[in-house]
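Please read it beside the sequence and the coordinates.

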Amino acid sequence: MKDFPSSFSSGTVGHPIHVTCIQAAGKPGELFPMILLHGAFHTSESYLTTPDGRGGWATYFSNRGRTIFVPDWPGHGKSRVSADYATLSTLDVAEAIGVLLREVGPAIVVAHSAAGPVAWWLSEEHPDLVRAVVGIAPGPPGNIQAALPSDPDAIAALKYDSSVGCPVYSDEQSSVTVGREFIFDFWANSQQFPTGSIDAYAETIVPESARILNERFNIGGTALRLNQPDVVASRPIMIMTGELDPRHPKEVDAALADFLRAEHLWLPDAGILGNGHMLMIEKNSDDIAGAISSWLDRKGL
């Protein structure tokens, strides 16, 4: 793998991305690098630090010998916001990350939440470059999601229905912002969330593409689908789910694991309790990173 600066640009011409690189401690190149993908409304800050000031997963894994790449999705964080941001699609994000993947070479992809479909697409399009996927409460491909109606009232009635992901309908005329109620309902609801640092966390939340949100919930049947699921399933995959994640009940993520022939780690089975959706920034985030590290070791990665 070539040397990379601590920050650089990648992505497509239409959707460039900013990438933070943290070099491996020790002898670089002995372990596969990792690409850490944040979810909707978030940025690379999800992995670079925690709201309560601890080192993030990027530091954790670099200290254990891996070079880490943390991109901001197009229009997020330090990446440029395009004029058509409200209709930025999951495929747009996936293609931008695909450019980075080709630059980095074979890597392990860690994908949180709405980045799940990005990781599945990358695995199908670049099977030689994605050596493994760690899905952190990852969104599924459209193949196994029920198509929901393009009806705001019908979707509003499903807001707290975890079997379909607690969907929200988004008007694609503008980007979407969320407030404290949404943050507390879906991201800061768990026993392990550092609620004393909620202000610092809220400052990291950014507007999101309306189209990406509609695709994540398969509204109008728009979710990104796989053409060859067996290609995706041909590599090691682990899907990880927290005990108190309102959008990811155990059975929903288990069904995704079955579809992709993946291992499913329900964190309470590993004695890791009280977690919600934001596993990489919760108070026991190092314990969760340790579980990932142990899995990679078992897989010889």
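1. A charge is taken to sit over a ring if NZ of Lys or CZ of Arg is within 6 Å of the ring centre and within 35 degrees of the ring normal. The charged end of R64 meets this rule over the ring of Y60, at 3.6 Å from its centre, and that of R247 sits over the ring of F186, 4.1 Å from the centre.

2. The model is predicted, with local features needing pLDDT of at least 70 and side-chain atom pairs counting only at pLDDT 80 or more, while totals for chains, interfaces and linings use all residues. Residues are numbered from 1 along each chain as its sequence is written, and side-chain values use heavy atoms, with hydrogens and water left out.

3. Rings of Phe, Tyr and Trp (its six-membered ring) pair if their centres lie within 6.5 Å, and planes under 30 degrees apart count as stacked, over 60 as edge-to-face and the rest as tilted; the count by this rule is 13 aromatic pairs. The rings of F8 and F69, with centres 6.3 Å apart and planes at 80 degrees, are therefore edge-to-face. This pair joins strand β1 (residues 7–11), which holds F8, to strand β4 (residues 68–71), which holds F69, across 61 residues; helices (H or I, at least four residues) and strands (E, at least two) are DSSP runs, numbered from the N terminus. F8 is buried at 13% relative accessible area, and F69 is buried at 0%, where buried means under 20%, exposed over 50% and partly exposed in between (1.4 Å probe, protein chains only).

4. The rings of F41 and F182 have centres 6.1 Å apart and planes at 55 degrees, so this pair is tilted. F41 lies in the loop between β3 (34–37) and α1 (45–48), and F182 in helix α6 (residues 180–186), 141 residues apart. F41, Y160, F182, F186, W187, F193 and Y201 form one aromatic cluster.

5. In helix α10 (residues 250–259), the buried residues are D253, L256 and A257. They lie on the same side of α10 because they cover an arc of only 100 degrees around the axis, the arc being that of the directions from the helix axis to the C-beta atoms. The face turned away from this buried side carries the exposed residues E251 and D258. Just after α10, R261 takes a positive phi of about 50 degrees.
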